[in-house]
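Work through the exercises below with the sequence and the 3D structure at hand. Try each task before reading its solution.

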Amino acid sequence: MTDLVDSFSRRINYMRISVTDHCDLRCLYCTDRLYPHLSHDDILRYEEIHRIVLAAAGLGVKKLRLTGGEALIRLNLRWLVEMLANTEGIDEVSLTTNGTQLARYADELKAAGLSRVNVSLDSLKPDRFERITGSDRFKEVLEGIEAAKKAGLNPVKINMVVLKDVNDDEVLDFARKTLSDDWHVRFIEHMPFVNGNGANGMVSIRNIMSSIEQSLGQLSPHLPTSGNGPARYYKLPDASGTLGFIGAVTECFCAECNRFRLTADGHLRPCLLDDDEIDLKEPLRHGADISELERLILKAATRKQQQHHLGENGAPEKRQMRQIGG
Ligand code: SAM
């Protein structure tokens, strides 16, 4: 087997797959509130995603994460989960979701082979949730989190993007959830994506950690039991849940990057923060076989940048987060 190793000796074994660019929320930092989305014909069919995964798995990709847009608004997502989870070489299929429909689908996704979920939640206050997301479905998200836990999609991780003057006063409330409710919370620095500009700015992980330590006690490092991403994990004294910190802006974790992203319209994106992409959809629809797909995936590996250039060249311009999947 030819392994998927990029020009800087990084092994790519993880692929995030966006199944739609459409979302049922309009988070102010993630997307324009009004946007045109892809037509049905433009997005990859489940069979096409499966073919790409067959090729990627043949090159050593072992973990997959479904995302969007909002993946759970795509019909019969469990079919895709089942196909992917049963693909030789794939060890884990997980999901990132806003949680609005999780209560409805948690059990069937688990039965189809989904391993775990991350739920994005940026406020514990219903009115503020509505301001950030443009939707009043706060209660559904909380129900979704509980349903996912019950279904055994563990650990359920809660992702909070900390936004200056929007929700940064809730950091302690989220951290307390690791004491009171066994939550696994991850704080993420806001990345300056084009058009997802309804946010005033980023709060650094360093500041978030120090405000937690000042009020709730010393954080002790904790080894994650799942995932191999860029988060650093800690625990508060006596907490059953964990706290993760993702310094997406202030900490560069490119040297450990192990992932590719596949957009809903079939473009393979070697780096979240770089607009370079390789189109797999057109070749697929013109009859590319698995070895041709493998060749294109290997080519994408050669185009993976050593490091992102956020800050120097600004943010990616071609797509919003909603169109990439985070
Ligand atoms: N709809 C799903 C969800 O809400 O999790 C998946 C798609 S969403 C684009 C994936 C993740 O990206 C979410 O956790 C979201 O908060 C995060 N995200 C979106 N825009 C971001 C930004 N500008 N900076 C940091 N994280 C961002």
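Predicted model: local features only at pLDDT ≥ 70, side-chain atom pairs only at ≥ 80, totals over all residues.

**Exercise 1. Describe Ser9 and Ser7 in the segment before β1.**

Step 1. Ser9 is found in the segment before β1 (14-18). Its phi is positive, about 65°, although Ser9 is not a glycine.

Step 2. With 63% relative accessibility, Ser9 counts as exposed. Ser7 has a relative accessible area of 46% and is partly exposed.

Step 3. Ser7 and Gln305 are 298 residues apart in sequence, yet their C-alpha atoms are 8.5 Å apart in space. Contact means heavy atoms within 4.5 Å. Not counting residues up to four places away in sequence, Ser7 touches Ala301 and Thr302.

**Exercise 2. Which residues does the cis peptide bond join, and where does Pro155 lie?**

Step 1. The cis peptide bond joins Asn154 and Pro155, with omega about -5°.

Step 2. Pro155 lies in the loop between α5 (138-151) and β5 (157-162).

**Exercise 3. Is Glu277 buried or exposed, and which residues is it in contact with?**

Step 1. Glu277 is placed in the loop between β11 (267-269) and β12 (278-279).

Step 2. The relative accessibility of Glu277 is 18%, so Glu277 counts as buried.

Step 3. Leaving aside neighbours within four places in sequence, Glu277 is in contact with Thr263, His267, Leu268, Arg269, Pro270, Arg303 and Arg319. For Arg303, 26 residues apart from Glu277 along the chain, the C-alpha separation is 8.7 Å.

**Exercise 4. Count the aromatic pairs and classify the pair Tyr234 and Phe245.**

Step 1. A pair of aromatic rings is described by the distance of the centres and the angle of the planes. Rings of Phe, Tyr and Trp (its six-membered ring) pair if their centres lie within 6.5 Å; planes under 30 degrees apart count as stacked, over 60 as edge-to-face and the rest as tilted.

Step 2. By this rule there are three aromatic pairs. The ring centres of Tyr234 and Phe245 are 5.7 Å apart and the planes stand at 70°, so this pair is edge-to-face.

Step 3. The pair links distant parts of the chain, as Tyr234 is in strand β8 (residues 232-235) and Phe245 in strand β9 (residues 243-246), 11 residues apart. Tyr234 and Phe245 are buried. Phe187, Tyr234 and Phe245 form one aromatic cluster.

**Exercise 5. Find residues that touch the most other members of the largest nonpolar core.**

Step 1. A nonpolar core is a set of buried Ala, Val, Leu, Ile, Met, Phe, Trp, Tyr and Cys residues joined through side-chain atoms within 4.5 Å.

Step 2. The largest such core has 100 residues, and those touching the most other members are Met15, Ile17, Leu66, Leu77, Phe187, Ile212 and Phe245. Helix α1 (residues 46-58) supplies the largest share of this core, seven residues.

Step 3. Take Ile212: leaving aside neighbours within four places in sequence, its contacts include Val171, Leu172, Phe187, Leu236 and Phe245.

**Exercise 6. Summarise the whole protein.**

Step 1. The secondary structure comes to 10 helices and 12 strands.

Step 2. Of the 326 residues, 55% count as buried.

Step 3. Among contacts between residues at least 6 apart in sequence, 75% join residues at least 24 apart.

Key. Residues numbered from 1 in each chain as written. Heavy atoms only, no water. Helix = DSSP H or I, 4+ residues; strand = E, 2+ residues; numbered from the N terminus. Buried < 20%, exposed > 50% of the residue type's maximum accessible area, 1.4 Å probe, protein only.
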